[in-house]
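Trainee: I have a model open and want to learn how to read its features. Please take me through some helices, salt bridges and a sheet.

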Amino acid sequence: MNTTSTTLAPLFSFLEYSLTTAQTTFDKLPGSAVVLRYVKSSHQNDPGRTLLELILFLFAIRTLLQSRTRADRNGKHFIQFSDKEIDELVDEWVPEPLELPLTQSEVSDLAAVPVITGPNGPKPKLAATGKTVTNLASLNFAGLAGNEHIKQRAVETLRKYGLGSCGPPGFYGTLDVHMDLEHDIADFLGTEAAILYSQGFSTISSVIPAFCKRGDIIVADRAVNFAIQKGIQISRSTVRWYNHNDLNSLEEVLNNIEKERKKRRGPLTRRFIITEGIFQKDGVMVDLPKLIELKYQFKYRLILDESYSFGVVGRTGRGLTELYNVPAAKVDMLLGSCAIGLGSCGGFCAGSQIVIDHQRINGPSFVFSASMPALLAVSASEGINILRNTPSIFETLQENVRAARAILDRIDSIIIPSHPASPVIHIYVRPLPSAGLLSASVSTSSYLSASVHHATFPSAKDAMKHAEYEAEERLLQEVVEDCLAQGVMLTRAKRLKGQELSEPRPSIRLALTSALTKKETEKAVGVLKSVLVKVLSRRR
């Protein structure tokens, strides 16, 4: 026994020396005391966890040390090809298409898109014929497109700052003109602050996930635009939908949510109502005072997308808050489009200082996307000055809207769901009494209901035969092409088929502008009326 102990004594001494040296070296490492304290605490509370962590650590070491490839170095499991066979296989290989080929109707749609030459505006020139047409397709409500003063200021800014900012706002992309525009927007709307986004689509789809997270509750209109749908999807919040522009349905949904919470005795969560001012899909306008009342009654935050109402309605174009005389501070997050309302690019979110500062570090598009070009920021600021100082723009616009509606409302074969004050006018074909599935599923009264306006309804394409849907699109496209031949440029409302939450029926979308006189508007809409009557009469 003594002989064995004497033999192993050097080994024990070496192990003791090695462990002492390792412990001394480990103690010198920064943070070693924290790691040691964690291991002791973890082992004391759960010894099994210590064993599991040791096994995982050894497995990680083994994985790092083993060969990264599993190739058979002997090559016995490989098929040997000659050079000729390899060439033949390469020649025969056909890659998978990235997407399915376009259908015949999609090819026709692309071919029918008019191309203009020179600047856009109320009277552009067609490249194919050189003919000047009246433009009722472009979103130029305030007539700022082609404004000479804005063009001059844009050129001056281009010469001073160059073209792009070349960086995100939070790094090195913010210029003084961007901050000036944010101040101009906040001052114009009467909010504490505003933040700019360089792309209009990503404005709302960045604002929603910046505030709404998993576990939060979103109550949204079924017919919100695609950008809002993507923002809601990214947020991963719990979503409840209410019927399109039906605030009674909204109230019912809010009541049900509160009843469910009390029944489960669940905690209070962040809750949001999301809707549009003027809806992109059908031109319907939300009842903002009633919406504000429900927001306070049920204690929700309101996200209002005014992309189609800012720079469009109100005495000076401030949107629904001005139209309904509601302080903008009562809307938690008020969003608008600088592209549509100010003839520039991008969008904005206006609200309290806290709301805006939060987006500067949490808004995906603000953090990762380059700032808008300085010349477009200056153009937007100049656009605000024009709106502020020239209220006659919106008097002319509303005069044109009334003139157009006076003509269109007399056509029996169409339905117009849009609000009477909306310069975005959608035209739907009224179903024939003999139309089977369509007339049975969608009654005329549902279009004309003052409170619901169900011109946009869930799964409209499912409510009619595919052939009927395609036939109605072809009918409206024929109207568009006949009008273009007579000097009036229109467009069918474009949809992302199969991707949106609700697919409304095909429609023609008019975008009226204050850049045209009342007489010019009446003449253009008169052409549309005659074409509609002629084309739709063939259905009988």
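Trainee: How many residues does helix H21 have, and what does it reach from its first C-alpha to its last?

Mentor: Start with the naming: helices (H or I, at least four residues) and strands (E, at least two) are DSSP runs, numbered from the N terminus. The expected span of a helix is 1.5 Å times one less than its number of residues. H21 covers residues 466–485, which is 20 residues. H21 reaches 29 Å, close to the 28 Å expected. Just after H21, Gly487 takes a positive phi of about 90°.

Trainee: What should I keep in mind about the model itself?

Mentor: This is a predicted model, in which local features need pLDDT of at least 70 and side-chain atom pairs count only at pLDDT 80 or more, while totals for chains, interfaces and linings use all residues. Residues are numbered from 1 along each chain as its sequence is written, and side-chain values use heavy atoms, with hydrogens and water left out.

Trainee: Which residues of H21 are buried?

Mentor: Buried means under 20% relative accessible area, exposed over 50%, and partly exposed in between (1.4 Å probe, protein chains only). An α-helix has 3.6 residues a turn, so residues three or four places apart point the same way. The buried residues of H21 include Tyr469, Leu475, Leu476, Val479, Val480 and Cys483. Glu470, Glu472, Glu473 and Gln477 are also on that list.

Trainee: How many salt bridges are there?

Mentor: A salt bridge is a side-chain nitrogen of Lys or Arg within 4 Å of a carboxyl oxygen of Asp or Glu. By this rule the count is 19. Take Asp109 and Arg492, whose closest N and O atoms are 3.3 Å apart. Asp109 sits in helix H5 (residues 104–111) and Arg492 in strand S14 (residues 491–492), so this pair ties together parts 383 residues apart in sequence.

Trainee: Are Asp109 and Arg492 buried or partly exposed?

Mentor: Asp109 is partly exposed, at 25% relative accessible area. Arg492 is buried, at 5%.

Trainee: Which helices does the salt bridge of Arg360 and Glu182 tie together?

Mentor: The closest N and O atoms of Arg360 and Glu182 are 3.0 Å apart. Arg360 lies in helix H15 (residues 353–362) and Glu182 in helix H8 (residues 176–189), so parts 178 residues apart in sequence are tied together. Arg360 is partly exposed at 27%, whereas Glu182 is buried at 12%.

Trainee: What about H21?

Mentor: Lys534 and Asp482 meet in a salt bridge, 3.7 Å from N to O. Lys534 is in helix H22 (residues 518–536) and Asp482 in H21, 52 residues apart. Salt bridges that share partners also join Asp109, Glu473 and Arg492 into one network.

Trainee: What is the strand order in the open sheet of seven strands?

Mentor: Two strands pair if DSSP finds at least two bridges between them. The order is S4-S10-S9-S8-S7-S5-S6, with mixed pairing. Strands S4 (193–197) and S6 (238–242) stand at the edges with a single partner strand each, so one side of each has no neighbour in the sheet.

Trainee: How many bridges join S4 to S10?

Mentor: Five, and S4 and S10 (residues 347–351) run antiparallel. Ala194 has Ala350 as its bridge partner in S10.
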